[in-house]
Amino acid sequence: MLAPIAWRTPPKKYGPWEKVTSLLTEALVELDVDVTLFATGNSHTSAKLEWVCPLPYAEDEGRDAKVWESLHIAHLMQQAERFDIIHNQFDFLPLTFSRLIDTPMVTTIHGFSSEKILPVYKKYNPTTSYISISDADRHPELKYLDTVYHGIDSNVFAFRASKQNYLLFYGRIHPEKGAHTAIEIAKACGMPLKIAGLIQDTSYFNRDIAPHITGGDITYLGNVGQEEGSALLGNAKALLHPIYFNEPFGLSVAESLMCGTPVIAFDRGSMRELLEDGKTGFLVNSVKEAVIAVSRLNAIDPFYCRAHAQKKFSIERMAKHYLDLYRQVLELNGK
């Protein structure tokens, strides 16, 4: 299992790819699969751990990302023959090794940061197996083995039937995630808004978010860990998810539903696959529609939200789905 090394696996706070990689790794071990995790040296796992990068480069300013990514990927590829299959969670760079080794590779595509990386995916499409994290995120020029939705830890993201009187924005502080629009929605509804997440765009935060945080109903709680995030999600009236990009999946949306909390999301990207409009939240296209959706939250059953998440986003379902795909790839490669 090849994890990214921007953050620890699992991450202390932010780190969605590392989080999913950790959940899958631990679930496969529970299924008696012999897994070796290639991650940072400070990672926590019940699998065998291999590493060359001691600390995540996002937490160590003196560590050059490209250098340590190269060393990290090469560390696995130089011993590829030890493994029956390689699961690449690391984006496109490991694909450049795929024709230099005999071990078959499965690559989960966690989204496309830019069309500029597409040539790599296209070149290696015939000789590796791609997994999409939603049908909406499939690129028309690529072929995929299947779609596997991310699993959510139902123990960490525990169910709470009783809600408090606040709305929540939980995600990266970046214009494409729409924290500024969440503020606009909350103010129009006259409801308190709690904001939690990693600040990825400091100028955006200082310009469009910070001026609204003046000790009133709009509060910023920082980049929180999973336990605090679970409590915030579980107690909220709703998660506001007014995205301005075609989001490949949306972990916070699935985590919110697992807590029994409905989601009000802009109808883009994978949101139609994650949400049942009118049953687990509302798909909207404007601030005005979002405000109306807030007034209809009492019609949403928290128990149904939880049941929906357990059915679609359980860790066990994710792990067994991947295990079936590993077997399929091995059979296709005569292994």
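At roughly what angle do the axes of helix α7 and helix α10 cross?

I started with a check on what I was looking at. This is a predicted model, where local features need pLDDT of at least 70, side-chain atom pairs count only at pLDDT 80 or more, and totals for chains, interfaces and linings use all residues. Residues are numbered from 1 along each chain as its sequence is written, and side-chain values use heavy atoms, with hydrogens and water left out.

**Helix pair.** I looked up α7 (residues 251-258) and α10 (residues 302-312): their axes come within 7 Å and cross at roughly 125°. Axes here are lines fitted to C-alpha atoms over the stretch in contact, with angles from 0 to 180 degrees between N-to-C directions. Helices are DSSP runs of H or I with at least four residues, strands are E runs of at least two, and both are numbered from the N terminus.

**Contacts.** I then listed who touches whom, with contact meaning heavy atoms within 4.5 Å. From α7 I noted A254, L257 and M258, which meet C305, R306, H308, A309 and Q310 in α10. I sorted these contact residues into five nonpolar, two polar and one charged (Ala, Val, Leu, Ile, Met, Phe, Trp, Tyr, Cys and Pro are nonpolar; Asp, Glu, Lys and Arg charged; the others, Gly among them, polar).

**Burial.** Eight of the eight residues of α7 are buried, so α7 is largely enclosed by the rest of the structure. Buried means under 20% relative accessible area, with a 1.4 Å probe and protein chains only. Among them I found E255 and S256. Just after α7, I saw G260 take a positive phi of about 85°.

Note on methods. Buried means under 20% relative accessible area, exposed over 50%, partly exposed in between (1.4 Å probe, protein chains only).
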